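We will go from the whole chain to single residues.

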Amino acid sequence: MPRVSQERLDARRRQIVNAAARCFARNGFQATSMQDVLKEADLSAGAVYRYFTGKEELISAIVAEVIDEIRDAFQQAAAQRPLPSPEILIGRVIRLVLGKEPTLGVSDGSLYPRLMVQVWAETLRNPELRDVLHDGFAQVRRPWIEIVEAYQDAGMMRADVPALSVARTLIALAQGFVVQYALFGDVPVQVVELGLKALMSMEDPASRT
């Protein structure tokens, strides 16, 4: 009997993960059954259980992939040179997250943000997944701290505030917008760009005297 190639095995695993991601995005982790995943993937139970022991293992795989994709989007935006202003940078990272074709096969623009929110919620109940999330965002923060330090060195941003505080705030802006997108639909990214631009333009009245 001919051996199944590794490429074929990887493709079948991807088929299962993608099907599960679509189910979880639509209905959440807890409301989705393995039977739902089997139906979505159009595979037998034996075919699926060859790759995953059950729903918890599927959840872990999807959480890890979503966190990787979000981390990659932040890091890709952070690598741009010359550095754009903060509102442009935040807009770019949001567009990367919302506009790219995720490896999870959730190409529907409304489903992928929902899956991201589901993933964040799932990490609250699972300590192992929470550790994966913490590690992922620790990797995100490092280049963004360097971005803030570059802004401060260039005189674009006040230097008396810790770079970590600013970096975390910028990341939170992008995350918060994704949550709004998941909850309220197709909100233009320009909204957060203009809002941040306005906030960045504020001056301390005392500095004018």
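Select the whole protein chain. Of its 209 residues, 42% count as buried, where buried means under 20% relative accessible area with a 1.4 Å probe, protein chains only. This is a predicted model: local features need pLDDT of at least 70, side-chain atom pairs count only at pLDDT 80 or more, and totals for chains, interfaces and linings use all residues. Residues are numbered from 1 along each chain as its sequence is written, and side-chain values use heavy atoms, with hydrogens and water left out.

Switch to cartoon view. The protein chain has 9 helices and 0 strands, in the order α-α-α-α-α-α-α-α-α along the sequence. Both types are DSSP runs numbered from the N terminus: helices are H or I with at least four residues, strands are E with at least two. Along the principal axes, the C-alpha atoms fill a box of roughly 80 × 35 × 30 Å.

Now display contacts, meaning heavy atoms within 4.5 Å. Take those between residues at least 6 apart in sequence: 68% of them join residues at least 24 apart.

Next, select residues 33-52. UniProt lists them as "DNA-binding region" in an unreviewed entry; such annotations may be inferred rather than shown by experiment. This stretch is 65% helix and 0% strand, and its end C-alpha atoms are 14 Å apart.

Move to Glu65, in helix H4 (residues 55-78). Is Glu65 buried or exposed? Glu65 is buried, at a relative accessible area of 15%. Show its partners: beyond neighbours within four places in sequence, Glu65 is in contact with Arg13, Arg14, Val17, Thr103 and Leu104.

Last stop: the largest pocket. Select Met157, Arg158, Leu199, Met200 and Met202, which lie nearest its centre among 15 lining residues. Helix H8 (163-184) and helix H9 (190-200) are the elements that each give two or more residues to the lining. H8 gives the most, with 5 residues.

A pocket here is an open set of points on a 1 Å grid where a 1.4 Å probe fits, with protein on both sides within 12 Å along at least five of seven lines; lining residues have an atom within 4 Å of a point. The largest pocket has a volume of about 500 Å³, the space filled by probe spheres set on the points.

Colour the lining by class. It has 10 nonpolar, 2 polar and 3 charged residues. Asp, Glu, Lys and Arg count as charged; Ala, Val, Leu, Ile, Met, Phe, Trp, Tyr, Cys and Pro as nonpolar; the others, Gly among them, as polar.

Notes
Buried means under 20% relative accessible area, exposed over 50%, partly exposed in between (1.4 Å probe, protein chains only).
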